[in-house]
Amino acid sequence: MNLAHLHLLLNHFPTIGMMVGLVVLIMAIAAKSDDLKRASLVIFFFIALLSIPTFATGTAAQLALARTPEVSTAMIQTHETAALVALGVMELTGALAWLALWQYRRLSRLPQATLMAVLLLGLATFGLMTRAANIGGEIRHPEIRTSPNLSGATVESAPAKPPLARVIGDGMANLKWGWPASETVHFIGLSLLLGVVLLVDLRMLGFMKGIPFSTLHRLLPWGVLGFGVNVVTGILFFIGAPQDFYVTNTVFIWKLALILVAGANALYFTVFEQAWVLGAGDTPPMAAKVAAASGILMWVGVIFCGQMLPFFGHSF
Ligand code: HEM
C-alpha cells in the first residue's frame, strides 16, 4: 500500500463525515440536546483534522499518475484547487467547532451564535467538499464528467487560466520573501502552540499545583490559534514545493500522523470533565497524566519531524 492508496481511502471521510456531523447537529438542535450538539462538534473537529492528510495524500496520487498518459494534469490541478478551497473552509469549521466546545466549559451552555456559525460553515464545507470529491472522481471517469471546465476535457487540454492552488503554489516558489515570511510565521505559531501545551500538560502532570485548570483553560484558544497559523503556513509550504518534496519523505508522513493524534489528544482538555474540575492544589487523575505526557511527547515529535525534514529525505 502507498500514499495514493491512502488518498483513495481517506477521500471519502471529508464528505461522508461532514454529512454525518451535519445530520447529528440538525437532530441535536431539533431535540435541544446539548450532548448531541457537542458530539456533532467533536465530529467536525475530527473531520477537520483528517482532511489535512486527505489533502496531502492527493499529491502522492498525482505523483503516482505522473506517467499515466490517459490522465490530464490540468484536471488534477482543477481538483487540487477545489480541494484547497474546501480544505480552507473545513479548517475554519473545525476551529469554530472547537471554540464552541471551549465556550461550553466556560459558560455551561453552547452559545447560539457560534453554533449557527458552525452550522452555516458546515453546510458550505459539505457543498465544497462534495464538489472537490466529484471533480476528483471525474479525473479517471470521463463518463461522469459534468464540471463546466472539465466536460469535454482531454488529456492535453489545459485550463483557460492557472487554477488558484497553482497560482499560490507558484507564488510561494517564486516570490523571494514567500518562503522566509511563511517560515517566520510558522515559527511564531509553533511557539504559541508549544507554550500553551507545556503549561497545560505540566500542570496535568502535577507541576504548578497552585494553578486551577480553569485558569489555564483560558490559554487554550491561544494554542489553537498557533495550531491554525501553522496549518495555514504548512499548507502554503506544501503547495509551494515540488510534488515529490514532502510526500516521498517518511519523516513528513510521521509528522502528519503525529499532528493527527496530537490534535485529537488536545480535545481531552476541552471535552472531558476530569481536567475541568481540577482546582488549586488538586492532584490530577491518572488519565489526565497519561494524556498530558503523551501530548508533550507527540508535539515534540511533530517538531522533531519538522526539523528533520532536511536531513532525512530531500526536502530542502
Ligand atoms: C480534502 C481534499 C481532497 C478530497 C476530499 C479529494 C477527493 C478525491 C476523490 C473523491 C477522488 C476520486 C477517487 C475515485 O476515483 O475513486 C480523488 C481522486 C484524486 N485526487 Fe483527490 N481529493 C483531495 C485532495 C487532492 C489533492 C490536493 C490532490 C493533488 C493535487 C489530489 C489528487 C487526486 C488524484 C491525482 C486523484 C485520482 C486518483 C486515481 O484515480 O488514481 N486530491 N480525490
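In which kind of crossing, left-handed or right-handed, does α1 pass α3? The legends below refer to a predicted model, and the first of them takes up this crossing.

**Figure 1. Packing of helix α1 (residues 3-10) on helix α3 (residues 34-64).** The crossing of α1 past α3 is left-handed. On the α1 side, the contact is made by Leu3, Ala4, Leu6, His7 and Leu10. The α3 side contributes Leu50, Pro53, Thr54, Thr57, Gly58, Ala60, Ala61 and Ala64. Sorted by class, the residues of this contact of α1 with α3 are nine nonpolar and four polar, with no charged residue.

**Figure 2. Packing of helix α3 on helix α9 (220-240).** The axes of α3 and α9 cross at roughly 10° and come within 11 Å. Because angles under 35 degrees count as roughly parallel, α3 and α9 are placed in that class. From α3, the residues Leu49, Ile52, Phe55, Ala56 and Thr59 take part. They meet Phe227, Val231, Phe238 and Ile239 of α9. The contact of α3 with α9 has eight nonpolar residues, one polar residue and no charged residues.

**Figure 3. An aromatic cluster that includes Phe55 and Phe238.** Phe55, Phe238, Tyr246 and Phe252 are linked into a cluster by ring pairs. Phe55 belongs to α3 and Phe238 to α9, and both take part in the contact between these helices. Over the whole structure, the search finds eleven aromatic pairs. One of them is formed by Phe238 and Tyr246, with 6.0 Å centre to centre and 20° between the planes. The pair of Phe238 and Tyr246 is stacked, because planes under 30 degrees apart count as such. Phe238 and Tyr246 are both buried.

Figure 4. Residues up to four places away in sequence aside, Thr125 touches Met18, Ala86, Val89, Met90 and Thr93.

**Figure 5. Buried residues of helix α6 (residues 164-174).** The buried residues of α6 are Ala165, Arg166, Gly169, Gly171 and Met172. The cover over these buried residues includes α4 (73-107), α7 (178-204) and α9.

**Figure 6. Leu219 in the loop between α8 (213-217) and α9.** Leu219 has a relative accessibility of 28% and therefore counts as partly exposed. Apart from neighbours within four places in sequence, Leu219 is in contact with Val196 and Leu199. Leu219 and Val197 are 22 residues apart in sequence, while their C-alpha atoms are 9.4 Å apart in space.

**Figure 7. Lys32 and Met208, residues with positive phi.** Most residues other than glycine have a negative phi. Lys32, in the loop between α2 (12-31) and α3, has a positive phi near 50°. With a relative accessible area of 70%, Lys32 is exposed. Met208 lies in the loop between α7 and α8. Its phi is positive, at about 45°, although Met208 is not a glycine. Met208 has 33% relative accessibility and therefore counts as partly exposed.

Key: Residues are numbered from 1 along each chain as its sequence is written. This is a predicted model: local features need pLDDT of at least 70, side-chain atom pairs count only at pLDDT 80 or more; totals for chains, interfaces and linings use all residues. Side-chain values use heavy atoms; hydrogens and water are left out. Axes are lines fitted to C-alpha atoms, for helices over the stretch in contact, and angles run from 0 to 180 degrees between N-to-C directions. Helices (H or I, at least four residues) and strands (E, at least two) are DSSP runs, numbered from the N terminus. A crossing is left-handed if the near helix is turned anticlockwise from the far one by less than a right angle, and right-handed if clockwise. Contact means heavy atoms within 4.5 Å. Ala, Val, Leu, Ile, Met, Phe, Trp, Tyr, Cys and Pro count as nonpolar, Asp, Glu, Lys and Arg as charged, and the others, Gly among them, as polar. Rings of Phe, Tyr and Trp (its six-membered ring) pair if their centres lie within 6.5 Å; planes under 30 degrees apart count as stacked, over 60 as edge-to-face and the rest as tilted. Buried means under 20% relative accessible area, exposed over 50%, partly exposed in between (1.4 Å probe, protein chains only). Angles under 35 degrees count as roughly parallel, over 145 as roughly antiparallel, 65 to 115 as roughly perpendicular and the rest as oblique.
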